[in-house]
Amino acid sequence: MSCLIVNADDFGLTSGVNRAIAELHLAGSLTSTTLMARAGAADQAIEIARSTPSLGVGCHIVLVDGEPALPSRALPTLADGRTGRFHPALGSFLSRLLAGRIPAAEIESETAAQIRLLQSRGLRLTHIDTHKHTHMFPAVLRPVLRAARAAGISAIRNPFEPTWSLRATPDAPLLRRTQTHLLRLLEPTFRRIVAEEGFSTTDGAIGVLATGTLHSATVASLLRSLPAGTWELVTHPGYNDADLDRVHTRLRASRETEIQALSAVEQFPAIQRISFANLQPL
């Protein structure tokens with residue numbers, strides 16, 4: 001049997017993103033989302049989530065390019081003391097992380113604070129993932145899992161895209177395709193750590209390579225190729241409005257394209273759609 005979690009990232013980013021996610025769930029195309037605890041429209045997203053219990057809601061942990069839950073003075077390596085925000089560049093974050101200059105305790109405390117913020121508003125979180133998939137790196141994964149487990153969460157996104165899905169994704173830029181292939185080298189370590197910590201995850205994420213180019217034909221191609229197992233379709237729908245224009249993101253026009261693309265999910269009724277709440281530990 002093929003099971004599919006259709007998840008929208010960036011819940012809470014803008015009101016237009018929130019509206020798209022709510023509409024797609026009510027239409028039956030979307031089963032899950034992850035909420036950015038400190039994003040500009042997070043309060044509205046929380047209210048939508050509380051009034052829509054059928055929508056699985058996780059925490060989209062942000063450690064780069066966003067607003068922290070803790071004061072910047074408590075995050076001397078993660079946050080910029082001048083702006084109070086996380087450092088904006090992923091490359092800079094990774095260079096400091098891999099050089100051992102970001103303490104695990106700092107990642108764990110900020111992750112815990114973001115989860116706590118959402119749970120304190122009455123949300124029952126189904127899972128966690130991270131903005132820009134920083135948890136694919138062990139130095140982020142372990143402290144994130146510790147914080148999640150302490151909060152009673154036991155499911156996490158597997159951010160690695162399988163080979164069959166890469167082959168089924170047309171139109172992706174060669175550089176992004178190469179990067180996605182290389183990052184798959186980290187998957188065995190990811191799966192080992194997740195199993196050791198007693199967490200559940202999927203067999204893989206699809207649509208990651210297509211981020212920014214996901215359209216109806218790509219969704220149909222991916223779902224036609226979907227093998228048995230449990231998979232997550234990673235999406236970023238939203239309305240491209242004035243609020244989005246004020247946000248630092250490379251995903252603008254593509255968000256409205258993804259709204260239309262997700263209607264293709266309805267063409268595959270044999271695929272069972274679930275949320276992270278249905279997963280079992282590895």
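Me: How are α4 and α5 oriented to each other: roughly parallel, roughly perpendicular or oblique?

Reply: The model is a predicted one. Two packed helices are described by the angle between their axes and the distance between the axes. Helix α4, residues 104–119, packs with α5 at an angle of about 40°, and their axes lie 8 Å apart. The two helices are therefore oblique to each other. Their crossing is right-handed.

Me: Which residues of α4 and α5 meet?

Reply: From α4 come A104, I107, E108, T111, A112 and I115. From α5 come A139, V140, P143, V144, R146, A147 and A148. Sorted by class, this contact has 10 nonpolar, 1 polar and 2 charged residues.

Me: At what angle do α1 and α2 pack, and how far apart are their axes?

Reply: Helix α1 spans residues 15–26 and helix α2 spans residues 42–50. They pack at an angle of about 15°, with 9 Å between their axes. Angles under 35 degrees count as roughly parallel, and α1 and α2 are therefore roughly parallel to each other. The crossing of this pair is right-handed.

Me: Which residues make the contact of α1 with α2, and how do they divide by class?

Reply: S15, N18 and A22 of α1 make the contact with Q44, A45 and I48 of α2. By class, there are 3 nonpolar, 3 polar and no charged residues.

Me: Is T218 buried or exposed, and in which helix is T218 found?

Reply: T218 is found in helix α9, residues 216–224. Buried means under 20% relative accessible area; T218, at 0% relative accessibility, therefore counts as buried. Not counting residues up to four places away in sequence, T218 touches T169, P170, A210 and T213.

Me: Where is E67 found, and which residues is E67 in contact with?

Reply: E67 is found in the loop between β3 (56–61) and α3 (90–98). Its relative accessibility is 29%, so E67 counts as partly exposed. Beyond its neighbours within four places in sequence, E67 is in contact with R38, R85 and F86. E67 and G207 are 140 residues apart in sequence, and they are 26 Å apart in space, C-alpha to C-alpha.

Me: Which residues touch the most other members of the largest nonpolar core?

Reply: A nonpolar core may be read by asking how its members touch one another. The largest core has 76 residues, and L35 and F93 touch the most other members. With neighbours within four places in sequence left aside, L35 is in contact with F11, A42, A45, I46, V57, G58, C59, H60, L118 and L123. Apart from this core lies another, of 6 residues, including C3, I5, A155 and F276.

Methods: Residues are numbered from 1 along each chain as its sequence is written. This is a predicted model: local features need pLDDT of at least 70, side-chain atom pairs count only at pLDDT 80 or more; totals for chains, interfaces and linings use all residues. Side-chain values use heavy atoms; hydrogens and water are left out. Axes are lines fitted to C-alpha atoms, for helices over the stretch in contact, and angles run from 0 to 180 degrees between N-to-C directions. Helices (H or I, at least four residues) and strands (E, at least two) are DSSP runs, numbered from the N terminus. Angles under 35 degrees count as roughly parallel, over 145 as roughly antiparallel, 65 to 115 as roughly perpendicular and the rest as oblique. A crossing is left-handed if the near helix is turned anticlockwise from the far one by less than a right angle, and right-handed if clockwise. Contact means heavy atoms within 4.5 Å. Ala, Val, Leu, Ile, Met, Phe, Trp, Tyr, Cys and Pro count as nonpolar, Asp, Glu, Lys and Arg as charged, and the others, Gly among them, as polar. A nonpolar core is a set of buried Ala, Val, Leu, Ile, Met, Phe, Trp, Tyr and Cys residues joined through side-chain atoms within 4.5 Å. Buried means under 20% relative accessible area, exposed over 50%, partly exposed in between (1.4 Å probe, protein chains only).
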